[in-house]
Amino acid sequence: MIGTHKESALRLFNGFYEGCPHLVADLYARTLLLHNYAESPEKGREDVETALAWYREKMPFLRAGVLKVRSAENPAERNGVLLFGDTPDRRIREQGVAYAIDLTMNRDASFYLDTRGLRAWLHEHAAGKAVLNTFAYTGSLGVAAAAGGASRVAQTDLNRKFLNLAKDSYTLNGLPIRREDFISGDFWQVVSRLKRAGEQFDGVILDPPFFAATEAGRVDLNECPERVINKVRPLVKDGGWLVAINNALFVSGQEYLRTLETLCVDGYLGVENLIPVPPDVTGFPETICSVPPADPAPFNHPTKIAVLRVRRKNTGIPAGET
């Protein structure tokens, strides 16, 4: 795959599970992205230098390399500095959909590899649907839905700069840009405003950070993941779906599933599907030599993705019944 698809994005090495926790290596088109996760950047320097030399030898097609140093004091080093080449790639293609990327815009890479399976699911299930993508970041999940034929995709994030990159992805795919559907604002305030306006969607995507606090509310996926789920439930039409993601490293899969099952007790919410994280991100069975601090099973990774089916209480039809 590496040799023939120079527009893809994939994880080359996940040191957390494959024996070198200081190092993660990703490929975005023809740009090598290295992450130094060592608590002291110097401790990870040798691993980074070794990986850089190895990948440049094995992948002569590489046009640029970027290093992100998670514990660096300098914000520019956390966001990423150029190791070689002139400029990093600015777009990738996944499952036929193009995505704009900016590998040095933020501490993250502007595009999450662990939600590839969810993008495929959205592309397949969004046709003719109105979709709300909360905590959209650079909007890749919403772009997948739009490219799959969604009738409307509303994207909301606190940072307008991230949403502007989502617009670039729309342009790459020839998708119409409705400015009113790119909503910059606090999650709690935006959702409340949508409720007051009587907005409802066939599907809502909920992919929050594991912790975030503003004056309007707090997200804490360790202690109260149900709070954000309950916040958006009224925005889902009867029979619609809600994608709920929990990426808290210390929340086990069973613990998160129990939270969801508790929310489902009244019958108006049901767990329909668990979407796995792709094996290049999780590590392959023959390469994994360590495990996450909390067992993610029945999910296959600490990024725990569940599709929930919603029934509106005023219909009198609990989830799972017809």
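Is Asp181 buried or exposed? Buried, with a relative accessible area of 3%. Bear in mind that this is a predicted model.

Let's stay with Asp181. Its salt-bridge partner is Arg152, with the closest N and O atoms 3.0 Å apart. Arg152 is partly exposed, at 21% relative accessible area.

Next pair: Asp202 and Lys237. Their side chains meet in a salt bridge, 3.8 Å from N to O. This one links strand E11, which holds Asp202, to strand E14, which holds Lys237, across 35 residues. Asp202 is buried at 17%. Lys237 counts as partly exposed, because its relative accessibility is 31%.

On to strands E1 and E2. Arg11 in E1 pairs with Asp26 in E2. That salt bridge is 2.6 Å, N to O. Both residues are buried. The whole structure has 16 salt bridges.

E1 also holds Asn14. Asn14 is buried, at 3% relative accessible area. Leaving out residues up to four places away in sequence, Asn14 touches Leu23, Val24 and Val281.

Last, helix H9, residues 253–263. Its buried residues are Gly253, Tyr256, Leu257, Thr259, Leu260 and Leu263. They lie on the same side of H9, because they cover an arc of only 155° around the axis. What do these buried residues pack against? Helix H8, and strands E14, E15 and E16.

Terms used. Residues numbered from 1 in each chain as written. Predicted model: local features only at pLDDT ≥ 70, side-chain atom pairs only at ≥ 80, totals over all residues. Heavy atoms only, no water. Buried < 20%, exposed > 50% of the residue type's maximum accessible area, 1.4 Å probe, protein only. Helix = DSSP H or I, 4+ residues; strand = E, 2+ residues; numbered from the N terminus. Arc of directions from axis to C-beta. Contact = heavy atoms within 4.5 Å. Salt bridge = Lys/Arg side-chain N within 4 Å of Asp/Glu carboxyl O.
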